[in-house]
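Dear colleague,

Please find the structure below for your review. My notes on what was found in it follow.

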Amino acid sequence: MEYDHIVIRYGELTLKGRNRKIFTTQLAKNVRQALKDFPAIKVEKLRDRMYIVLNGEDPDAIMERCRKIFGIQSMSVALKVENDVEVIKESALKLLTEAENVRTFKVSTKRSNKEFPLDSQQFNQVLGGHLLANTDDFTVDVHHPDLEVSVDLRDEATYITTKKIFGAAGLPVGSSGRALLLLSGGIDSPVAGFMTMKRGVQLEAIHFHSPPYTSERAKEKVLDLAEKLSFYGNSVRVHVVPFTALQQKIHREIPNGYSMTVMRRMMMRISEAVAKKEGILSLVTGESLGQVASQTMESMHAINAVTNYPVIRPLVAMNKDEIIRISKEIDMYEISIRPFEDCCTVFVPKQPKTKPKLEKVEQFEANMEFEQDIQDILDNIETVVVEAKDKQDEDMDDLL
């Protein structure tokens, strides 16, 4: 018997109350976008469920694609039947007997259709008895069954499912606004982007490129990471900043211990300017408190003081091992460790200040003319739109 639907469950979206429609509408949009190369399907959005009508399309391929869509708590292939006891009994029997490697089962009924003649517990007993009476090799195991026959009795129809697949959870990308990710090409910033997207944020990225100190392969690495991020949402626009001249000026004219702090403040100023131009309301970084000299509390205070924009730091309380684990699970680690330097490793001072004084930083900057340098950069930014080429080649089993 062929399944004809996929049931999508919302998870935390069900807690959104009056705002739920905003989130479910965005999720439906994201599902349709992710499945646009399955032309026969139809997406139906209800208040507490979403259904994909398969119309002959491959359910396994569709569910694998859907596993990467934030906002989906779980999903199941389903058989839709009419609200008739005998029809449900015969359909469930076929699903059980056609299942492979199954010897034990349990029945689980959810009854939202209050007009149905039996309540959930009564129907569990009726259906379970029918399945036992019409098979020889199956037994009931309510604790650890090989197969759970789930029956969802709804007003419009009944949906029978036998397996639950967990999704990426979180909130639908696009439901929480937009943010600009400072994407370096290392391990941390792509993970920060992933975790921000999981809270419903649509990302754009900004990358600081310093040729000839950083190569085209380093830029390519960043675009590959952006492509990986696009697997979990829509396309990612990457703003590539020509940073060489300003970075050289900082290296020449700022005292060695403070050059790193000033460089990162300039990155923040440029990022804020790009965000304003694009109508973006926040910045995202991969900073983890205490991990390197620029990520002490004092450094973060001095760097952050240059912008009034909110700066989201999803990794701030995580250690490197935790970040690496996630990087591997979302298949970004091998790209991140490619041996191509990013601009943050250029002109690194031998003894960077770990407790820079904001007053000194501002004094050094006041003695220099940065405004024209920043404007020249903004006038020459290259924007690249990155899309996932194939959303079916990832495996999220470890992450989920």
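K249 counts as buried, at 12% relative accessibility (buried means under 20% relative accessible area, exposed over 50%, partly exposed in between, with a 1.4 Å probe and protein chains only). This is a predicted model, in which local features need pLDDT of at least 70 and side-chain atom pairs count only at pLDDT 80 or more, while totals for chains, interfaces and linings use all residues. Residues are numbered from 1 along each chain as its sequence is written, and side-chain values use heavy atoms, with hydrogens and water left out.

K249 lies in helix α7, residues 244-253 (helices are DSSP runs of H or I with at least four residues, strands runs of E with at least two, numbered from the N terminus). Its side chain reaches the backbone oxygen of E369 at 2.5 Å. Leaving aside residues up to four places away in sequence, K249 touches I254, M368, E369 and D373 (contact means heavy atoms within 4.5 Å).

K89, in helix α3 (residues 85-98), is also buried, with a relative accessible area of 13%. Beyond residues up to four places away in sequence, K89 touches V126, L127 and H130.

The largest nonpolar core has 36 residues, of which L203, L229 and V238 touch the most other members (such a core is a set of buried Ala, Val, Leu, Ile, Met, Phe, Trp, Tyr and Cys residues joined through side-chain atoms within 4.5 Å). Helix α6 gives the largest share of this core, five residues. A second, separate core of 30 residues includes L182, V262, M263 and V306.

Yours sincerely

Note on methods. A polar contact is a pair of N or O atoms within 3.5 Å; within protein, one must be able to donate a hydrogen and the other to accept it, and residues adjacent in sequence count only if both atoms are side-chain atoms.
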